[in-house]
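Hi,

Here is the structure I promised to pass on. Have a look at it first, and my notes on the ligand site and the pockets follow below.

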Amino acid sequence: MAINEAVYRQLSGELQPKDVTLVAVSKIKPASDIKALYDLGQRDFGENYVQEVMDKQAQLPGDIRWHFIGHLQSNKVKFIAPFVHLIHGVDSEKLLAEINKQGKKLNRVISCLLQVHIAQEETKFGLDASELDALIKAVTTDAHQWSHIRIEGLMGMASFSDDQAKVRAEFQQLHSLYQLYTPATTPQVNFSVLSMGMSGDYQMAIEEGSTMVRIGSLLFGARG
Ligand SMILES: *Cc1c(COP(=O)(O)O)cnc(C)c1O
């Protein structure tokens, strides 16, 4: 249940010169572990479950930037909309519309990443390239309707595989999609974040252009 301080220091030292943001993935871990990392200077934390992030947000310091990285159901957006810093897993227009609606109610612009399906495994969520294109077009062609969201980039998860070449190809695929939309800057679509890489593959993800890594088990130990 203790955090790995040496790993945290080493990781921070590795990421900072590269301008890569570390999101410490604290799902299932106790608030005391988050506080311990916070005390070392960490501010970005990632959570996967709505009830859990609400509980933790209520008891931890107000300057923590909460990243929602799990699969988000539309009917639960309202619970995290008041405080969430970045929603990583947006994978449908319906979900984006609900985030926009809740943002409007709160008079805040909510930052989102669109999740792209890059892994070959069937189980991972996300948009394919043509769905991504359609969603970005929908948002850019009717900017007025989407005034309370900002799409800041893309998120993806590579296959859980020992096949390095396959994992690298998936990261490259996501990076080229990211580059495709990066110059198309509007208030609603303004790319600067490519969220890819986890404990097992973050170094390769950074080599392939990641700007934000989501790391859990390396920092907090394996999850039960
Ligand atoms: C749990 C999780 C992570 C962290 O995984 P580790 O392998 O523990 O670093 C990253 N991204 C997402 C979307 C997750 O669900």
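For the classes I use here, Ala, Val, Leu, Ile, Met, Phe, Trp, Tyr, Cys and Pro count as nonpolar, Asp, Glu, Lys and Arg as charged, and the others, Gly among them, as polar. On that scheme, the shell around the ligand splits into six nonpolar, four polar and three charged residues. Bear in mind that this is a predicted model.

The ligand has 13 residues around it, and the closest are Lys27, Asn48, Ser199, Ser217 and Arg223. Arg214 brings a side-chain N or O atom to 2.9 Å from a ligand nitrogen. On its own the ligand would expose 390 Å², and the protein buries 90% of that.

The ligand takes up the space of the largest pocket, which holds about 690 Å³. That pocket is lined by 30 residues, with Met157, Ala158, Phe160, Met198 and Asp201 the closest to its centre. Helix H8 (202–207) is among the elements that give two or more residues to this lining, and H8 has the largest share, three residues. The lining counts 12 nonpolar, 13 polar and five charged residues.

There is also a second largest pocket, with about 180 Å³ of space. Its lining residues include Tyr8, Gln42 and Arg65, and H1 gives the most, three residues.

Cheers

Technical notes. Residues numbered from 1 in each chain as written. Predicted model: local features only at pLDDT ≥ 70, side-chain atom pairs only at ≥ 80, totals over all residues. Heavy atoms only, no water. Near = heavy atom within 4 Å. Polar contact = N/O pair within 3.5 Å; in protein donor to acceptor, adjacent residues only side chain to side chain. Areas by Shrake-Rupley, 256 points an atom, 1.4 Å probe, with all protein chains shown as cover. 1 Å grid on protein atoms, 1.4 Å probe; cavity = no way out; pocket = protein on both sides within 12 Å on 5 of 7 lines; lining within 4 Å. Sits in = over half its atoms within 2 Å of the grid points. Points joined across faces, edges and corners; volume = space filled by probe spheres on them. Helix = DSSP H or I, 4+ residues; strand = E, 2+ residues; numbered from the N terminus.
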